[in-house]
Amino acid sequence: MKVFNTLSRKKEEFVPLEPGKVRMYVCGPTVYNFIHIGNARPMIVFDTVRRYFEYKGYDVNYVSNFTDVDDKIIKKAVEEGVDASVISERYIAECKKDMEGMNVKPATTHPLATQEIHGMITMIETLIEKGYAYRAEDGTVYYRTRKFKDYGKLSHKNLEDLQAGHREIKVVGDKEDDLDFVLWKPKKEGEPFWESPWCNGRPGWHIECSVMAKHYLGDEIDIHAGGEDLIFPHHENEIAQSEAANDREFSKYWMHNAFLNIDNRKMSKSLGNFFTVREISEKYDLQVLRFFMLSAHYRSPLNFSAELMEASKNGLVRILTAVERLGELLSSASDRELTEEEKEVQNQIKELVEKYEAAMEDDFNTADAISAVFEMVKLANTSVKEESSRALVEYVKDTVETLCDVLGIITETKEELLDAEIEALIEERQQARKDKNFARADEIRDTLAEKGILLKDTREGVKWTRA
Ligand code: AMP
Ligand code: ZN
């Protein structure tokens, strides 16, 4: 399996540190608002990477954090007059709902930065002892960037270029060098803080991920991932911290997704040109969003547009309709041996599975993998018929479903009740009540509740809403 490694800027053969296991860390969102569809891209992409490893039989330990202490969270808490934890807990819960809608599996562990402060203090102490960090007069602790010889190896920047970029900036306070970055900073009035040997304060962002990765995955991990904006400085600084503290190569492979754009401009909260996942869910099933994200290679920029979403919806419907048809054919399929012709169809399906796997093994080319699924659907539509044997129908259906599942596409169609069906059930329930058949009346209420239909008795009769 080939993985493009940002460190070497090459596709490399994937060799796990421990046979059969993958330890992977994906930087998660800062939780001060609903996530936007740009944030959804790494979630969907790396969930698919995880699913493919699992399909290949690997045991994946997948860790993805929530950054729950940050200036933006504090600002929002001040605006609302609540504790920062109220904001972060609210948006973690909302983020998890969006993840479920996009069929992103929960991580093995979702650590919270605020629960890992102890480990951060320990790592900072180690860095100070080794001379990689120092405390400034006001209690801030800085990383001594120039001391780490490999600094710049991930972003392929050298210290001179970085220095040139800083030329205009004066060294502030008692920071030794412009390039030094913050590991721990003193609290400001009204901010959450923790006690430490240096001052009451809070950690810098980069140390959080170094520590959470170490805690849940160990000193050496297989894959570290996130959006390409994180390469510098976030991931570069994580490497400097972890490798100086642990004396090991931190991560073997670094994977970065390209940005999701809108009108060919970067989608970001600061530019204000973004959609939240929740907004999209009002118009589309989030499965469509997932399918759209996977329609491009993860290292290619992807432009969000209504046309592309419509095209994704149509593509998805084509697959789901084919699977539904195969399900119907199963009921009439005959139990007999495969004919020669059917064996040929089976072979063609096997070739398409190989094509799909070859695409995924080439640095997770989901766009080509989806093409293989479309070819399979086309073959199923033309070559699997009413008179086909059960063995063939089952084989084709299971194969399409398995390959879709690796992409996180749910092939079972949700059985939604139509308005007319709901009204008929409500009428039947009213009649059952009149007949004093309360068991049936309750049963109908429960059936409706399971489908998310809420009933309310009013003076004008029974009203219903979808939950
Ligand atoms: P943040 O909450 O800004 O730290 O972002 C969380 C994750 O979303 C990081 O991996 C970012 O790189 C990623 N991300 C943010 N905006 C975009 C975008 N427009 N396209 C792709 N990834 C993004
Ligand atoms: Zn991170």
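How many aromatic pairs does a search of the whole structure find? I ran that search and noted 17 aromatic pairs, where rings of Phe, Tyr and Trp (its six-membered ring) pair if their centres lie within 6.5 Å, and where planes under 30 degrees apart count as stacked, over 60 as edge-to-face and the rest as tilted.

**Ground rules**

I am working from a predicted model, in which local features need pLDDT of at least 70 and side-chain atom pairs count only at pLDDT 80 or more, while totals for chains, interfaces and linings use all residues. Residues are numbered from 1 along each chain as its sequence is written, chains are lettered from A and ligands numbered from 1 in the order in which they are written, and side-chain values use heavy atoms, with hydrogens and water left out.

**Aromatic pairs**

I looked up Phe14 and Tyr253, and since their ring centres are 5.1 Å apart with the planes at 40°, this pair is tilted. The two residues come from distant parts of the chain, 239 residues apart, with Phe14 in the loop between β2 (10–13) and β3 (21–26) and Tyr253 in strand β10; helices (H or I, at least four residues) and strands (E, at least two) are DSSP runs, numbered from the N terminus. I found both Phe14 and Tyr253 buried, a word that stands for under 20% relative accessible area, with exposed meaning over 50% and partly exposed in between (1.4 Å probe, protein chains only).

I then turned to Phe46 and Tyr298, an edge-to-face pair with 6.3 Å from centre to centre and 65° between the planes. This pair also links distant parts of the chain, 252 residues apart, as Phe46 belongs to helix α1 (residues 37–55) and Tyr298 to the loop between α9 (286–294) and β13 (302–304). Phe46 counts as buried at 0% relative accessibility, and Tyr298 is buried at 2%.

Which residues do ring pairs link into a cluster? I listed Phe14, Tyr52, Phe53, Tyr55, Tyr58, Tyr253 and Phe364. Phe364 held my attention for its backbone as well, with a positive phi of about 55° although it is not a glycine. I placed Phe364 in the loop between α11 (340–361) and α12 (366–383), where it is buried, with a relative accessible area of 3%.

**Zinc ion**

Which protein atoms are the donors of the zinc ion (ligand 2)? I noted Cys27 (SG), Cys209 (SG) and His234 (NE2), lying 2.1 to 2.2 Å from the ion; donors are N, O and S atoms within 2.8 Å of the metal (3.2 Å for Na, K and Ca), and water is not among the atoms, so sites may look incomplete. Along the chain, the donors follow the spacing C-x181-C-x24-H. Cys209 sits in helix α6 (residues 205–217) and His234 in helix α7 (residues 231–246), 25 residues apart. Cys209 is buried at 1% relative accessibility, and His234 is buried with a relative accessible area of 1%.

**Around helix α7**

I checked the peptide bond from Phe232 to Pro233 and found it cis, with omega near 0°; Pro233 is found in helix α7. Lys157 lies over the face of Phe232, at 4.9 Å from the ring centre, the criterion being NZ of Lys or CZ of Arg within 6 Å of the ring centre and within 35 degrees of the ring normal. Asp247, in the loop between α7 and β10 (251–257), has a positive phi near 55°. Is Asp247 buried or exposed? I recorded Asp247 as exposed, with a relative accessible area of 57%.
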